[in-house]
Amino acid sequence: MDLVRAARRLPSGRLALLVAWILPLLFSAPAFAESSHWLTDFPAALKEAKAQKKLILVNFTGSDWCPWCQKLDKEVFSTPDFQQYAKERLVLLEIDFPQRKPQSEALKRQNKELADRYHIEGFPTIVLLDAEGQEVASLGYMPGGPKPFLDKVEELRQKAAAGS
């Protein structure tokens with residue numbers, strides 16, 4: 001039996017309920033498919049960057065308590081423009097220092113070591129690394145949404161490519 005015949009057999013109230021339930025799923029699926037893939041494991045990010053010949057964009061964040069981190073995520077990282085750019089040109093690594101979200105002791109230790117290694121003094125701090133883990137540049141929140149942020153990242157990426 002096909003879906004149309006099955007839908008015709010439902011009372012109109014149930015059909016409306018079914019449609020109301022299914023439509024948001026259909027329209028949200030592309031958003032989930034396009035969402036950025038943030039790694040949390042530094043060695044895995046290095047390995048992926050080497051294999052794909054990409055820079056690593058490291059987001060040092062306090063995801064559940066830092067308003068500027070949340071603003072950067074909402075205005076830049078969650079946008080389709082950023083997600084497409086990152087998919088093509090970057091390996092994404094989130095180094096999170098949450099207050100309420102649980103983390104393993106190993107992840108907490110790794111994050112602290114990386115914050116010390118790259119001299120992180122505030123959040124959010126974005127660090128661009130080459131595939132060897134060497135710092136290329138760092139930046140923070142920039143007003144104006146994804147365009148000025150991506151323009152700056154691309155400028156830094158181009159400089160790094162020219163220098164290697």
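Reply: Happy to, and do keep in mind that this is a predicted model. Lys147 is exposed, with a relative accessible area of 57%.

Me: How far apart are the closest N and O atoms of Lys159 and Glu155?

Reply: Helix H7 holds both residues, again four residues apart, about one turn of the helix. Lys159 counts as exposed at 55% relative accessibility, while Glu155 is partly exposed at 38%. Their salt bridge has its closest N and O atoms at 3.6 Å.

Me: Is Asp96, the salt-bridge partner of Lys101, buried or exposed?

Reply: The two side chains meet at 2.9 Å, N to O. Lys101 is partly exposed, with a relative accessible area of 40%. Asp96 has a relative accessible area of 3%, and under 20% counts as buried, so the word for Asp96 is buried.

Me: Which exposed residues does H3 carry on the face turned away from its buried side?

Reply: Start with the buried residues of helix H3 (residues 42–52): Phe42, Ala45, Leu46 and Ala49. They cover an arc of only 100° around the axis, so they sit on the same side of H3. The face turned away from that side carries Pro43, Lys47 and Ala51.

Notes: Residues are numbered from 1 along each chain as its sequence is written. This is a predicted model: local features need pLDDT of at least 70, side-chain atom pairs count only at pLDDT 80 or more; totals for chains, interfaces and linings use all residues. Side-chain values use heavy atoms; hydrogens and water are left out. Buried means under 20% relative accessible area, exposed over 50%, partly exposed in between (1.4 Å probe, protein chains only). Helices (H or I, at least four residues) and strands (E, at least two) are DSSP runs, numbered from the N terminus. The arc is that of the directions from the helix axis to the C-beta atoms. A salt bridge is a side-chain nitrogen of Lys or Arg within 4 Å of a carboxyl oxygen of Asp or Glu.
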